[in-house]
Amino acid sequence: MARPLPIQKTTFPKVERKWYLVDAADKPLGRLATRIALLLQGKNEPTWSPHLDNGNFVVVINAEKVKLTGKKVKQKVYYHHSGYPGGLKSQTAEQILESHPERLIELAVKRMLPKTTLGRHQFKRLKVYTGEHHPHEAQKPEKVELL
């Protein structure tokens, strides 16, 4: 008579999310966004796994001081569509930087995350603010120098 196979169980690590503070002043947008995306996904943690959401919170300050290299400020165009015929809208990076500078960082990071429910959960942990002040002092974010 054959012996029964032992029951195998999958173990999941306990997720302890850290808070990181990133200063975007005078940093190139793309290089900053790649490092923020890695922190949000938790790829800097030893327990990283592609199917688990074990990322961290990231608070970005001074979003209005982010730099775009070359002629991207004038030439880079962001498109979105309303869903109706003729509803294609476009804005240059300069226009977005003047009106809503935090959106530039949010768009760059969002497009670097997975396009799944996992990526949407990770994106919710990104907090971007213009200026030095943010409402997350109680979480004691650890200041990190990405570049």
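Strand β2 is mostly covered, with five of its five residues buried. Buried here means under 20% relative accessible area, exposed means over 50%, and partly exposed lies in between (1.4 Å probe, protein chains only). Helices (H or I, at least four residues) and strands (E, at least two) are DSSP runs, numbered from the N terminus. The model is predicted: local features need pLDDT of at least 70, side-chain atom pairs count only at pLDDT 80 or more, and totals for chains, interfaces and linings use all residues. Residues are numbered from 1 along each chain as its sequence is written, and side-chain values use heavy atoms, with hydrogens and water left out.

Phe-57, Val-59 and Ile-61 point one way. Val-58 and Val-60 point the other way, and all are buried. Strand β1 (residues 19-23) runs parallel to β2, and five bridges join the two. Strands pair if DSSP finds at least two bridges between them. Within this pairing, Leu-21 stands opposite Val-59.

The loop between β2 and α2 holds Asn-62. Asn-62 is buried, with a relative accessible area of 1%. Its phi is positive, about 60°, although Asn-62 is not a glycine. Most residues other than glycine have a negative phi. Lys-140 lies in the loop between β5 and β6 (142-143). Lys-140 counts as exposed because its relative accessibility is 70%.

Glu-64 is placed in the loop between β2 (57-61) and α2 (72-75). Its relative accessibility is 31%, so Glu-64 counts as partly exposed. Contact means heavy atoms within 4.5 Å. Not counting residues up to four places away in sequence, Glu-64 touches Leu-97, Pro-101, Thr-130 and Gly-131. The Glu-64 side chain reaches the backbone nitrogen of Gly-131 at 3.0 Å. Such a polar contact is a pair of N or O atoms within 3.5 Å; within protein, one must be able to donate a hydrogen and the other to accept it, and residues adjacent in sequence count only if both atoms are side-chain atoms. Val-15 is 49 residues from Glu-64 in sequence and 32 Å away in space, C-alpha to C-alpha.

Helix α4 spans residues 101-110 and contains Glu-102. The buried residues of α4 are Pro-101, Glu-102, Leu-104, Ile-105, Ala-108 and Val-109. Seen down the axis of α4, these residues fall within an arc of 155°, so they line one face of the helix. The arc is that of the directions from the helix axis to the C-beta atoms. The buried residues of α4 pack against α1 (29-41), β2, β3 (77-81), α3 (93-99) and β5 (126-128).

Glu-102 is buried yet has no salt bridge. A salt bridge is a side-chain nitrogen of Lys or Arg within 4 Å of a carboxyl oxygen of Asp or Glu. The nearest side chain of opposite charge is Arg-103, 5.3 Å away. Lys and Arg count as positive and Asp and Glu as negative; His and the chain ends are not counted. Leaving aside neighbours within four places in sequence, Glu-102 is in contact with Ala-63, Val-128 and Thr-130.

Arg-103 lies in helix α4 as well. Arg-103 counts as partly exposed because its relative accessibility is 43%. Arg-103 and Glu-64 are 39 residues apart in sequence and 9.8 Å apart in space, C-alpha to C-alpha.
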